[in-house]
Protein chains: 2
Amino acid sequence: MADETLTFEDFTVGRSFALGPKAVKSDEIIAFAMEFDPQPMHLDEEAGRNSILGGLAASGWHTSSMFMRMMFDSYLSKALSEGSPGIDVMDWRKPVLAGDTLSGRSLVIDARLMRSRPGIGIVKFRHEVENQRGEIVCFGENSIMFRARPSGESAA
Amino acid sequence: MADETLTFEDFTVGRSFALGPKAVKSDEIIAFAMEFDPQPMHLDEEAGRNSILGGLAASGWHTSSMFMRMMFDSYLSKALSEGSPGIDVMDWRKPVLAGDTLSGRSLVIDARLMRSRPGIGIVKFRHEVENQRGEIVCFGENSIMFRARPSGESAA
């Protein structure tokens, strides 16, 4: 197995992975909203200013999807991932506005082999995404499944 | 206010809103994955079959975004929504595969006026999305904020 491939064994409790940066562009906010969440504050600057969000704001689901892409670019692209059973919690704490730049981290808070799926481990993460002012805009916890190294193969 | 506009007062505990149907197309699965979650099982039929998902499968974030659009089409498009503070829980219980048809419901399980935001109420929903075999593929709970009717204006 190539040295750069991450397996279950690489996700040790306390290890942290950097996310981003990702610039949030108004045309991306609008394109996502038109397909999945066409509420006025996600489509139009003035409607956003007149809402409690204060400007053209990304749908929370768009923020979550951008966060997913940051996870992919940071570590999932190098890992033997088997997907996720879901989201334990995801708070959209502050509006994500056009022109913001997102970054963050995923911290491993639990890791165990699954009884129900031999050879697969489940890793629980705490995720934080912040804007360019250091304000946390999105906080989440979820678990992701990874293949373990074949037995007999030692860690690099 | 037009009769068809839904305000906080319309989201009474026990009221249910039908979601879907939404046909899940392979090109939509792949387009979403390329932008937000380019893991092999979301991009390629054979890679999906070789994963625990069993076929070309939508990213969980894509399933959640399709669910968002079903909520919009069912009731948010008619409502004075002020967005959502986040997701309390969202389980991706079964794979969503190309060719599936999704439907479901949003059930109001709690509703209260917010102290922190005068004139806005927060409504908690339990959401279920199922496939064409009646299997629940996505289960979630989250809260959405709605404007209340201006005081003095009676319900229609």
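## Terms and Basis of the Model

Two residues are in contact if their C-beta atoms, placed from the backbone, lie within 7 Å. A residue is buried if 20 or more other C-beta atoms lie within 10 Å of its own, exposed if 12 or fewer, and partly exposed in between. Helices (H or I, at least four residues) and strands (E, at least two) are DSSP runs, numbered from the N terminus.

The structure is a predicted model, in which local features need pLDDT of at least 70 and side-chain atom pairs count only at pLDDT 80 or more, while totals for chains, interfaces and linings use all residues. Residues are numbered from 1 along each chain as its sequence is written, and chains are lettered from A and ligands numbered from 1 in the order in which they are written.

## Chain A in Outline

Chain A contains three helices and five strands, arranged along the sequence as β-α-α-α-β-β-β-β. Its C-alpha atoms fill a box of roughly 60 × 30 × 25 Å along the principal axes. Of the 156 residues in chain A, 40% are buried. Among the contacts of chain A with a separation of 6 or more, 71% link residues 24 or more positions apart.

## Helix H1 and Its Buried Side

Helix H1 of chain A spans residues 26-36, and its buried residues are Ile29(A), Phe32(A), Ala33(A) and Phe36(A). These residues lie on the same side of H1(A) because they cover an arc of only 100° around the axis, the arc being that of the directions from the helix axis to the C-beta atoms. The face turned away from this buried side carries the exposed residues Asp27(A) and Met34(A).

The buried residues of H1(A) pack against helix H3 (60-74) of chain A together with helix H3 (60-74) of chain B.

## The Pair of H3 Helices

The axes of H3(A) and H3(B) come within 10 Å and cross at roughly 170°; axes are lines fitted to C-alpha atoms, for helices over the stretch in contact, and angles run from 0 to 180 degrees between N-to-C directions. The two helices, H3(A) and H3(B), are therefore roughly antiparallel, a term for angles over 145 degrees. H3(A) contributes Trp61(A), Ser64(A), Ser65(A) and Met68(A) to the contact, and H3(B) contributes Trp61(B), Ser64(B), Ser65(B) and Met68(B). By class, this contact of H3(A) with H3(B) has four nonpolar, four polar and no charged residues. Here Ala, Val, Leu, Ile, Met, Phe, Trp, Tyr, Cys and Pro count as nonpolar, Asp, Glu, Lys and Arg as charged, and the others, Gly among them, as polar.

Met68(B), in helix H3 of chain B, counts as buried because it has 25 C-beta neighbours inside 10 Å. Leaving aside residues up to four places away in sequence, Met68(B) touches Phe36(A), Asp37(A) and Trp61(A).

## The Interface as a Whole

The contact between the chains takes 28 residues from chain A and 28 residues from chain B. On the side of chain A that touches chain B, the elements giving two or more residues are H3 and strand S2 (86-92) of chain A. That side of chain A has 14 nonpolar, nine polar and five charged residues.

## Cis Peptide Bonds

In chain A, the peptide bond from Gly20(A) to Pro21(A) is cis, with omega near 5°, and Pro21(A) lies in strand S1 (residues 16-23) of chain A. In chain B, a cis peptide bond joins Gly20(B) and Pro21(B), with omega about 5°; Pro21(B) lies in strand S1 (residues 16-23) of chain B.

Notes. Parallel < 35°, antiparallel > 145°, perpendicular 65-115°, else oblique.
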